[in-house]
Amino acid sequence: MRADAGQILELVNPYAAQGLMLPRTLDQIASRIDSYVVAADAGGRVIACAALEEYSPSLAEVSSVAVAPAHHGNGLGTQVVLGVERVARSRDIEELFALSLTDQFFLSLSYKPTTISRYPEKLARYDALSRSGVDIVPKRCFQKTLGKEWNPPRLVSRRRARGA
Ligand SMILES: CC(C)(COP(=O)(O)OP(=O)(O)OC[C@H]1O[C@@H](n2cnc3c(N)ncnc32)[C@H](O)[C@@H]1OP(=O)(O)O)[C@@H](O)C(=O)NCCC(=O)NCCS
């Protein structure tokens with residue numbers, strides 16, 4: 001767990017330094033490790049991550065989406081966001097939002113452009129961070145309403161279908 005948190009930190013913080021996402025501390029990551037989804041290479045090294053950040057019982061943000069530069073364009077970003085969506089569904093979250101400068105990434109995952117003013121909880125958090133000296137780079141906001149996961153129909157066995 002702790003090792004994973006360290007590797008997530010190494011993945012996220014160089015992007016945070018570029019203003020692409022918010023910086024995290026090791027303790028912040030470790031205390032919320034159950035909300036992170038990661039992908040690892042064959043050696044077990046974390047090369048992609050994303051996190052679910054809950055704001056209310058029905059609303060959460062997909063945050064800290066990061067893929068190691070050498071692995072961009074291989075679908076790993078998509079995989080970790082889909083993993084976060086699965087975690088969200090398992091927690092009965094109905095709506096997700098995300099902030100990003102890479103519009104096409106969230107559009108490709110069926111998120112819709114929206115305005116951040118729809119999420120006063122996030123604006124309040126930005127205000128607090130800003131007051132504590134963190135630089136907030138304005139990003140575009142995307143939203144997705146989670147439907148119930150599709151379950152395959154139960155197959156009727158041939159014997160029952162024949163009325164046996
Ligand atoms: C954005 C990021 C997470 C994408 O990860 P990835 O694994 O390369 O993305 P995927 O391979 O799953 O791409 C899925 C789709 O997103 C879009 N996409 C991904 N990166 C893109 C980019 N840099 N510019 C434009 N579109 C992009 C494409 O439509 C792509 O589909 P395609 O490959 O069929 O064209 C990754 O580039 C990254 O870590 N960026 C730096 C951190 C960041 O900006 N995170 C987002 C903030 S939440």
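Let me start with the ground rules. This is a predicted model, where local features need pLDDT of at least 70, side-chain atom pairs count only at pLDDT 80 or more, and totals for chains, interfaces and linings use all residues. Residues are numbered from 1 along each chain as its sequence is written.

First, the overall fold. The protein has 6 helices and 6 strands. Both are DSSP runs, numbered from the N terminus: helices are H or I with at least four residues, strands are E with at least two. Along the sequence the pattern reads α-α-β-β-β-α-β-α-β-α-β-α.

How much of the protein is buried? Of its 164 residues, 26% count as buried. Buried means that 20 or more other C-beta atoms lie within 10 Å of a residue's own; 12 or fewer is exposed, in between is partly exposed, and the C-beta atoms are placed from the backbone.

Now contacts. Two residues are in contact if their C-beta atoms, placed from the backbone, lie within 7 Å. Take the contacts with a separation of 6 or more: residues 24 or more positions apart account for 61% of them.

On to the sheet. Strands of a sheet pair through backbone hydrogen bonds, either parallel or antiparallel. Here, two strands pair if DSSP finds at least two bridges between them. What is the strand order? The sheet is open, has 6 strands, and runs β1-β2-β3-β4-β6-β5 with mixed pairing. The edges are β1 (36-40) and β5, each pairing on one side only. Neighbouring strands are turned by 30 degrees against each other on average, direction ignored. Helix α3 packs on this sheet and touches β1, β2 (46-54), β3 and β4. The direction of α3 makes about 30 degrees with that of β2. For such angles, axes are lines fitted to C-alpha atoms, for helices over the stretch in contact, and angles run from 0 to 180 degrees between N-to-C directions.

Let's cross the sheet pair by pair. β2 and β3 run antiparallel, joined by 6 bridges. They form a hairpin with 4 residues between them. In this pair, A48 stands opposite V67 of β3. β3 and β4 are parallel, over 3 bridges. There, L59 faces E95 of β4, and E61 has F97 as its bridge partner. β4 (residues 95-100) and β6 (residues 140-145) are antiparallel over 6 bridges, with S100 partnered by R140. Last, β5 (residues 112-114) and β6 are antiparallel, with 3 bridges. P113 pairs with F142 of β6.

After α5 comes G133, with a positive phi near 100 degrees.
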